[in-house]
Amino acid sequence: MTAVLSVRQIHVRYLVLLSLRWLPVGLLIPIFVLLMQERGLTLTQIGLALAAQGVIVFALELPTAGLADAVGRRPVLVIAAVVNLASGVLFIVADSFALLLAVWALQGVYRALDSGPLESWYVDSTIAVDPDAEYERGLGQGGTALGIAIAAGALLSGGLVALGPVGPVSALTMPVVVAGALQAVGLIALLALLRESRPTSGPRALRTSVAEASRKVGEAVGLLRRSRVLLALISVELFWGFGLTTFENLLPVRLAEVLGDADRAAALLGPASTVAWLASAGGAALTPLIIRWLGAAPGAALLRIIQGATVVGMALIAGPVGVLVAYVACHTVHGASNPLHMGLVHRQVDGPYRTSVVSLNSMMAMPAAAAGGVVLGLIADRSSVSVAMLVGAVVLAVAAPLYLPAWRARGVTSPAPADGAPTIVAQPEPPSPDVPPGGPTDRGNTPTADASASRR
């Protein structure tokens, strides 16, 4: 039962489960595009396979979020972990476009189920124990833990590739095998560590909860009609989702192009990704300073522009060292911007609809990422990887003005909602550097993409 856990216990369990969730992702980030190329897919086909994930997430994101809010976060996360494990096992043996399409379709189901419940469990469980607890600090530390976990996975991935093939298993496939084993460990940890109070159980309760999920989804969508700030924030995800293709899918290809050797690029990307995700963790740790100096909304807007500039660097710098420096800078910005963005989203809604709103935010990124994978893949195949990355850089940067409504709305309280409607919470940004982030006046500044991405 969550009620018997202290705030510290909830915090530690959240960080452990978050780290185990992202460690396998770190193993896959440096190699998954290169592995699909090794198995005969073009960049366009890879984009189409990844698009299957985006389409399925778009279709299932809100229903699964409403289900998590209604049925409980734990059962939804357990189902998600099982689907993820099945996808990982299939990825080990998938050697055709159709099978790889199935891998990413399963990843779409997993991402839809996984998006939001763990973070929502942490926030609501913490508030239930101590309404004055500084949960946003824990979410910021979650961003740091996420970065460290991915960095460790990427370092291990590079080592596995450098060791070369093991029997019939190719060098690029070895990280996938180890990632599958770690996914099984994560499932066991989830069953052991995550506890929540559920007032009722059984088939009748399940039917009631499913019906309740539909209502929660409808009310969460209604927030977009009632909050211009929330609508603008969630629209940022359209641009971010499209642009993330540049540093997730195209960067390995760009590095292989510069080096002239895919295996060498994969081996180098292991330690490079480790440094990049440690930099991302450092960026997340800088969130309180950015809030003090600039404020959450202006800081998030500026970081969108800076991230676009780092992608320009990846596209235009000729040598591998320069490309990797720009890659690390991109991840530093990514780690800093995600807590700012999610904090602004969290402060727009109260607990009963939190998972649904987080999933609304994530849902917008997935079809955009699917479109980015296909469109930028086509540009790369028909023109060059550099040109495709430049297009993605522009798309990332032009999202900056969408943070203006949140900036202008600071300190403005929303009108009372109609009976039965969810509450929109408009909280002021910290009034001065003397107020520590996480204090009573700053309750919503929080942290991922996926980093398979990154995700949020």
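1. **Ground rules.** Because this is a predicted model, local features need pLDDT of at least 70 and side-chain atom pairs count only at pLDDT 80 or more, while totals for chains, interfaces and linings use all residues. Residues are numbered from 1 along each chain as its sequence is written, and side-chain values use heavy atoms, with hydrogens and water left out.

2. **Helix α1 against helix α8.** Helices here are DSSP runs (H or I, at least four residues), as strands are (E, at least two), numbered from the N terminus. Axes are lines fitted to C-alpha atoms, for helices over the stretch in contact, with angles from 0 to 180 degrees between N-to-C directions. The crossing of α1 past α8 is left-handed, meaning that the near helix is turned anticlockwise from the far one by less than a right angle; clockwise would be right-handed.

3. **Who touches whom in that pair.** Contact means heavy atoms within 4.5 Å. On the α1 side, the residues include Arg13, Val16, Leu17 and Leu20, and on the α8 side they include Pro175, Val178, Leu182 and Gly186. By class, the contact of α1 with α8 has 17 nonpolar, 2 polar and 1 charged residues. For these classes, Ala, Val, Leu, Ile, Met, Phe, Trp, Tyr, Cys and Pro count as nonpolar, Asp, Glu, Lys and Arg as charged, and the others, Gly among them, as polar.

4. Val16 lies in helix α1. At 35% relative accessibility, Val16 counts as partly exposed (buried is under 20% relative accessible area, exposed over 50%, partly exposed in between, with a 1.4 Å probe and protein chains only). Val16 and Leu190 are 174 residues apart along the chain, yet their C-alpha atoms are separated by 9.4 Å.

5. **Helix α1 against helix α6.** The axes of α1 and α6 come within 9 Å and cross at roughly 175 degrees. That makes α1 roughly antiparallel to α6. Among the residues that meet are Val7, Ile10, His11 and Tyr14 in α1, and Leu118, Trp121, Tyr122 and Ser125 in α6. The contact of α1 with α6 divides by class into 9 nonpolar, 3 polar and 2 charged residues.

6. **Aromatic pairs.** How many aromatic pairs does the structure hold? There are 3. Rings of Phe, Tyr and Trp (its six-membered ring) pair if their centres lie within 6.5 Å; planes under 30 degrees apart count as stacked, over 60 as edge-to-face and the rest as tilted. Tyr14 and Tyr122 have ring centres 4.4 Å apart and planes at 15 degrees, so this pair is stacked. Tyr14 sits in α1 and Tyr122 in α6 (residues 117-129), 108 residues apart. Tyr14 is buried at a relative accessible area of 2%, and Tyr122 is buried with a value of 2%.

7. **The Phe91 and Trp104 pair.** Phe91 and Trp104 are edge-to-face, with 6.0 Å centre to centre and 65 degrees between the planes. Phe91 belongs to helix α4 (residues 73-93) and Trp104 to helix α5 (residues 97-114), 13 residues apart. Phe91 counts as buried at 4% relative accessibility, and Trp104 is buried with a relative accessible area of 4%. Ring pairs link Phe32, Phe91 and Trp104 into a cluster.

8. **Helix α11 against helix α17.** Further along, the axes of α11 (residues 245-259) and α17 (residues 385-397) come within 10 Å and cross at roughly 150 degrees. The pair is therefore roughly antiparallel, and α11 passes α17 in a left-handed crossing. The residues of this contact divide into 9 nonpolar, 3 polar and 2 charged.

9. Is Thr246 buried or exposed? Thr246, found in helix α11, is buried, with a relative accessible area of 0%. Leaving aside neighbours within four places in sequence, Thr246 has contacts that include Val311, Leu376, Ala388 and Met389. Leu404, in helix α18 (residues 404-408), counts as partly exposed at 30% relative accessibility. Leu404 and Val229 are 175 residues apart in sequence and 8.5 Å apart in space, C-alpha to C-alpha.

Key: Angles under 35 degrees count as roughly parallel, over 145 as roughly antiparallel, 65 to 115 as roughly perpendicular and the rest as oblique.
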